[in-house]
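Subject: Handing over the structure

Hello,

Here is the structure we spoke about. Please open it alongside this email, and then read on for what was found.

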Amino acid sequence: MTFPLIKWPVAAAGLLVASLALAGGGGKSAPNLWWKPGEGRTFPALLEYPNDHGVLRIELEGGAIDTRDHPFFRPLGWNGRACVTCHQPADGMSLSLPSIRRQWESVGVRDPLFAAYDGSNCPSLPQDKRSSHSLLLDHGLIRIARPWPPKDFAGTPVTPDFTIEVVRDPSGCNLDAGWGLTSADPHISVFRRPRPVANFKYIEAMGFAYDPKEGMPLRVDPETGKPVSGNLMADGRALSLTGQMREAGDTHLQMLRRLDAEEIRRILDFEARIYVAQQQDRTGGPLDAAGAEGGPHKLAISPAGRLGSQGVPVWSEFEAWEKLEAVVPGDAARTAWRQSVARGARIFRDRTFLITDSAGINSQIGFGNPVRNACAFCHNMSQMGMDVAPGQVDLGTTNQPFADPAPHLPLFRITCLGKPNRHYGRTILTSDPGYALTTGRCADVGRITLQTLRGLAARAPYFSNGSAKDLRGIIDYYDRRYNIHYTEQEKQDLVNLLSAL
Amino acid sequence: MGASAMRALAFLCMMAAFTQSSAVLAAELRFIGCPVYRDTDSGKKSGCWLADDPMTGARYDISLSPTKPDWNFAILVEAAPAGVREDGTDIAPCGGIVLNPVRVSVLDQPCTRAMLPAEGYPGRAFLLPPRNVRPLYAPHDPVPQPYQARRFVIPFDFGRDFIIYQLADYYIDKAVNYALDIKAREVEITGYAATAPALVSGQSIVESENLARMRAERARNWMLMRGVPEDRIILKWRGTGETLPDEAMDGIASASLRRVEILIKP
């Protein structure tokens, strides 16, 4: 396959950022990193952006598209946002903190990114103040307003088996008379990172007909009558991309109408074709060199939804770097980095630790509490590291006592009305109940759908609440949470691996 | 004392307790106790689960149960007489008399969590159990004709309607696939619960008849969500029935009181 290549010259480490200002293949000026809604650029078949670790590549299978009037790229609602506002190509089709801050500094509150509805801590706050947008500017978090009582995947009200009280509300939105829990239209405001719009072949793949965590078959999309993977959105509130985009249209875009069938078709077409992965590392060079298979093209050509433990091992893309071929004569740093990534892949698959008190792993499914396993236990999908089964798991990132201190986030007290939660008891303190806001089940408090692991280098901070400011923060959290006692070398190997994805 | 000497002493103590419990072993082994996790490391899922029978003091290795314990909760342990390794030769992996097959049900009673170090025991390297659901992308053998009525038996843990991973899911997957493959004319689902009180380790345990209904409904939902037409499904439930010798029960009679039977007619 050949692509009309639009590629910024990335010659070596240290030149990446500089390359932004240089000319592309045809000598034209490089476009701004930020894709402004409705600006009408061509989205090329191959696109690269630098980041702190190297270069991210985006491959659009089937060739370039004209984004003029494309519903993913043009404003659809009255706040001036488009889908691309929060799913920026340079940020791995998510949204990085540097991009957010750059828009604030260059455009300010007039940029639709900072729309009052969810680009501020609460719509009722004075919008011209930086402090009213602090969760977005300082933590990369978008406000997500969930109805209370909860509504399920089909929008049907659910009678929850728990009560929720606001303990702390630094945003002011949960106690707000117009937007809060006691308003005429009660909602709970939680704050989350935008998930990447890419690699959906994998995110939507169904490896098995069942969800072993639920002890049930995969959920059925009420619109199509067909089963779905259950891996969309942090709290699983939408079962399909169509459902997700409708919800986003109603909320994030503040559309005054529903997306029509043609708009949905065009967005789905774009989303089905886009693959994102890191392509080049500052130190390690091309990630598909010396037998390695990094980069998005491997994603585009591989079958999705395969269990790594029974087929292609997770991150075996870098297995070749375990061998002598990884050695770059005269470049010890590059050689060492490649070997580190290969070790990181092994650690990811094989370095076991005790996983404890994590709903979705240690309950209800009978793996045991504790269970000894490795990262690839849950991050088990070949090429992608997602969960082949629907991946709602409580890592403790939002639930006390495991969550890191987060005074900027709201804190809720959940009281279970029926059976206590298996791991927390009857009362749970959480900054985001996660999946429980969709199911209404106390047992699901803090369960969050696993993140995709591709293009990580371009889209810090991490975890659904942005609690890990960088890749090392992810590893350090796991190390603390599960008492893994990774060595410093193991941590660095894992960081290098994550940066190569 | 070295690790091997400690293991030998532990072995002798356990075998002494085991000999004292020989009267129990003539019948099915059932007891309630708090689980103990032994942190062995032979790779993923290689940790050991142990539990002591309060009536005999014998320590059993229950690691081979499809459902593993939760160290915060008491467990019901069940094994058929044939599932107890009387010669003790399998004691080495974890430091308990090996029960295999064995069933563990997690109860709601709290336990103090307890973890032992490996103490020289290796644990077991994980092997994919033979009863596992195959992925959707794996080849699926067509059902040979002529189609016949077939009965499938789905086991459940005590007090639960959850589909047991790598046991119940294997059988219900077979049932669903069979119903779909032969375009079943009728799918009769009958749920059972152990509604007759039983005395185990000095405790009376019993299931509600509502659980029989919940199990049947869960099986029905599996059928519906996989595409079996609702008008083909007949739903029934009842309390304690007869025990049922079926491969899904591994010869554990008491476990067979907690089941769903699915009769599929072409």
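Which residue stands opposite Ala145(A) in E7(A)? Ser189(A) does. Bear in mind that this is a predicted model.

**Confidence**

The predictor gives the complex an ipTM of 0.90 and a pTM of 0.92. Chain B has an average pLDDT of 90. In that chain, 88% of the residues score at least 70. Over its residues 1-6, pLDDT stays under 50. For that stretch the model has four contacts beyond four places in sequence. Residues 8-25 of chain B also have pLDDT under 50. There the model has 29 contacts beyond four places in sequence.

**Chain B in brief**

Chain B holds four helices and 14 strands. Of its 266 residues, 50% are buried. Take the contacts in chain B between residues at least 6 apart in sequence: 77% of them join residues at least 24 apart.

**Strand E5 of chain A**

Back to the strand that holds Ala145(A). E5 covers residues 142-147 of chain A. Six of its six residues are buried, so the strand is largely enclosed by the rest of the structure. In a regular strand, side chains alternate between the two faces of the sheet. Here, Ile142(A), Ile144(A) and Arg146(A) point one way. Arg143(A), Ala145(A) and Pro147(A) point the other way.

The partner is strand E7, residues 187-192 of chain A. Six bridges join the two strands, which run antiparallel.

**Asp235(A) and its two arginines**

Asp235(A) is buried, with a relative accessible area of 0%. Which side chains does Asp235(A) meet in a salt bridge? Arg146(A) is one, at 2.7 Å, N to O. This pair links distant parts of the chain, 89 residues apart. Asp235(A) sits in the loop between strand E9 (216-217) and helix H6 (241-250) of chain A, while Arg146(A) belongs to strand E5. Arg146(A) is buried too, with a relative accessible area of 4%.

Arg192(A) is another partner, also with a salt bridge of 2.7 Å, N to O. Arg192(A) lies in strand E7 of chain A and Asp235(A) in the loop between E9 and H6, so the pair ties together parts that are 43 residues apart in sequence. Both Asp235(A) and Arg192(A) are buried.

Arg258(A) is partly exposed, at a relative accessible area of 49%. Asp250(A) is partly exposed as well, at 39%. Elsewhere, salt bridges that share partners join Arg146(A), Arg192(A), Asp235(A), Arg237(A), Glu247(A) and Asp432(A) into one network.

**Arg195(A), buried without a salt bridge**

Arg195(A) is found in the loop between E7 and helix H5 (200-203) of chain A. Arg195(A) is buried yet has no salt bridge. How far away is the nearest side chain of opposite charge? That side chain is Asp235(A), 8.1 Å away. A salt bridge needs the atoms within 4 Å. The side chain of Arg195(A) does have a polar atom 3.1 Å from the backbone oxygen of Leu450(A). Leaving aside residues up to four places away in sequence, Arg195(A) touches several others, including His87(A), Met93(A), Met233(A), Ile448(A) and Leu450(A).

**Gln279(A)**

Gln279(A) is found in strand E10, residues 274-281 of chain A. Is Gln279(A) buried or exposed? Gln279(A) is buried, because its relative accessible area is 5% and the cut-off is under 20%. Beyond four places in sequence, Gln279(A) touches residues including Glu48(A), Arg57(A), Leu287(A), Asp288(A) and Pro296(A).

**Helix H11 of chain A**

H11 covers residues 471-481 of chain A. Nine of its 11 residues are buried, so the helix is largely enclosed by the rest of the structure. Among the buried ones are Leu471(A), Ile474(A), Ile475(A), Tyr477(A), Tyr478(A) and Arg481(A). What do the buried residues of H11(A) pack against? They pack against helix H12 (488-499) of chain A. Asn483(A) follows H11(A), and its phi is positive, near 50°.

Best wishes

Terms used
Residues are numbered from 1 along each chain as its sequence is written. Chains are lettered from A and ligands numbered from 1 in the order in which they are written. This is a predicted model: local features need pLDDT of at least 70, side-chain atom pairs count only at pLDDT 80 or more; totals for chains, interfaces and linings use all residues. Side-chain values use heavy atoms; hydrogens and water are left out. pLDDT is the predictor's confidence in each residue, from 0 to 100. Contact means heavy atoms within 4.5 Å. Buried means under 20% relative accessible area, exposed over 50%, partly exposed in between (1.4 Å probe, protein chains only). Two strands pair if DSSP finds at least two bridges between them. Lys and Arg count as positive and Asp and Glu as negative; His and the chain ends are not counted. A polar contact is a pair of N or O atoms within 3.5 Å; within protein, one must be able to donate a hydrogen and the other to accept it, and residues adjacent in sequence count only if both atoms are side-chain atoms.
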